Amino acid sequence: MRQTRLRRAAVGAAAAGLLMVPVGAGVGYALDAPTPPAASSPAPAQSSSAASDAFPQLTPAVARQLDEAVRKVMAEAKVPGVQVALSAPGKGEYVRAFGVADKATGQPMTDDLYMRIGSETKTFTVTAVLELVDDGKVGLDDPIGKYVSGVPNGDKITLRELAGMRSGLFNYSADEDFFKALTSDPEREFTPKELLAYSFKHPVLFAPNAEFNYCNTNLILLGLVVEKVSGRTLADFIAKDVVGPAGLEHTLFPVGAEFPKPHAQGYTNQTASGKTEDAADWNPSWGWAAGAMISDLADLRKWAKVLATGELLTPATQAERLKVSPALPGTGYGLGIFNVSGWIGHNGSLPGYQSLTVYDPRSQATLVVLINTDIAAEGEEPSTLFGEAITKIVTPEHVFTLPAQPVTGKS
């Protein structure tokens, strides 16, 4: 089970979001919507007054409902600690922290702790690529072979197909040798070249654009495109051209295993022994452009809207980003972004942590969930359970759900 989960692609993707599912550096899991979006359909337009009115006032009574729902998920999924933020214009806000940040000391979880965000990193990497598109330095339909040599089908796979998870490349985090290397030495630093080697030793899975398959390899390649075209490191580009302009003050792309304090400890069973361990000090370099980043609740609340509304991009480029194609059942995936029953954003998962950051254009509501474990509960991801429980209360016609991802590698 632990090897299987490590190799999933995140719906950071779910994960698509999650990396260790993602091995899912941010490994991600795919998001699911009750009604599958049509291929290449844009995300819903900004909310109408009717949609806004349908979102409830976050009164003390609603807050008690949310408290009860969150605590129930925590108990059933055995989650040590969770941070939750829910808000909408004119409706108030709900910001809570439950449980513990450190099981050894009993330190309580608070809403100001740094957390690893796994596959939500993908939203930052793809934003960086799209900024280069706006600057006329790359084209979405450029082949990846124009920028990176040695890629299988590199003359055919486009940047658009990489960002949309439709490349057909093998997911490096689904490789058995990668799993063994990571779990035998979690503090090891992986280079992008090493990660790609785990992928490229496998044949391609399908022709470019033939199918959807959440794959961390795609993001490693896009990160290399950013570095080649800009002449800067990916960490520097994201810090100065994405994080800074978005007004995020506690979001970073680590260059090693650094983890600013205060942070929550993170608990995983994706280990060599299968026993639960504290993964807070593991090196996330294996996730790199697909899942290495760190943030906090306040920053992700800002990022949810920036991402979904395209504040850093031209309207035309944002429209390209939000064109979704069918992904997993009932799920639409655009360019590094999910549309799950109208909730737009991404989730993330890597050893010890899970996250969910989504925005509902109808009500302009923002939901962020940060968790200090990635251990599944009877096959369900904790981030999905929280997202579903919360949206059942505030948007019962548009419930966030995320099905388990299929395994792409050997079992």
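**Asking how we know**

Author: Helices (H or I, at least four residues) and strands (E, at least two) are DSSP runs, numbered from the N terminus. Before you ask more: this is a predicted model, where local features need pLDDT of at least 70, side-chain atom pairs count only at pLDDT 80 or more, and totals for chains, interfaces and linings use all residues. Residues are numbered from 1 along each chain as its sequence is written, and side-chain values use heavy atoms, with hydrogens and water left out.

Reader: How do you know that the span of α4 agrees with what 14 residues should give?

Author: The expected span is 1.5 Å times one less than the number of residues. For α4 (residues 121-134) that gives 20 Å, and the end C-alpha atoms are 20 Å apart, so the two agree. Of its 14 residues, 13 are buried.

Reader: Why is Asp 142 called buried, and why is Lys 146 called exposed?

Author: Buried means under 20% relative accessible area, exposed over 50%, and partly exposed in between (1.4 Å probe, protein chains only). Asp 142 has 16% relative accessibility, so it counts as buried. Lys 146 has 52%, so it counts as exposed.

Reader: What makes the meeting of Asp 142 and Lys 146 a salt bridge?

Author: A salt bridge needs a side-chain nitrogen of Lys or Arg within 4 Å of a carboxyl oxygen of Asp or Glu. Here the N to O distance is 3.7 Å, and the pair meets the rule. The whole structure has 15 salt bridges.

Reader: What about Arg 160 and Glu 320?

Author: Their side chains meet in a salt bridge at 2.8 Å, N to O. This pair links distant parts of the chain, 160 residues apart: Arg 160 sits in helix α5 (residues 159-163) and Glu 320 in helix α12 (residues 315-322). Arg 160 has 27% relative accessibility, so it counts as partly exposed. Glu 320 is partly exposed because its relative accessible area is 22%. Salt bridges that share partners join Asp 141, Arg 160, Glu 320 and Lys 323 into one network.

Reader: What makes β1 and β12 a pair?

Author: Two strands pair if DSSP finds at least two bridges between them. Strand β1 (residues 81-88) is joined to β12 by six bridges, and the two run antiparallel. Gln 83 stands opposite Leu 370 there. Strand β11 (residues 353-360) also pairs with β12 in the antiparallel sense, over seven bridges, with Tyr 359 opposite Thr 366.

Reader: How confident is the predictor, going by the average pLDDT?

Author: pLDDT is the predictor's confidence in each residue, from 0 to 100. The chain averages 88, and 85% of the residues score at least 70. Over residues 1-48, though, the pLDDT is below 50. Where pLDDT is low, the predicted coordinates should not be read in detail.

Note on methods:
Contact means heavy atoms within 4.5 Å.
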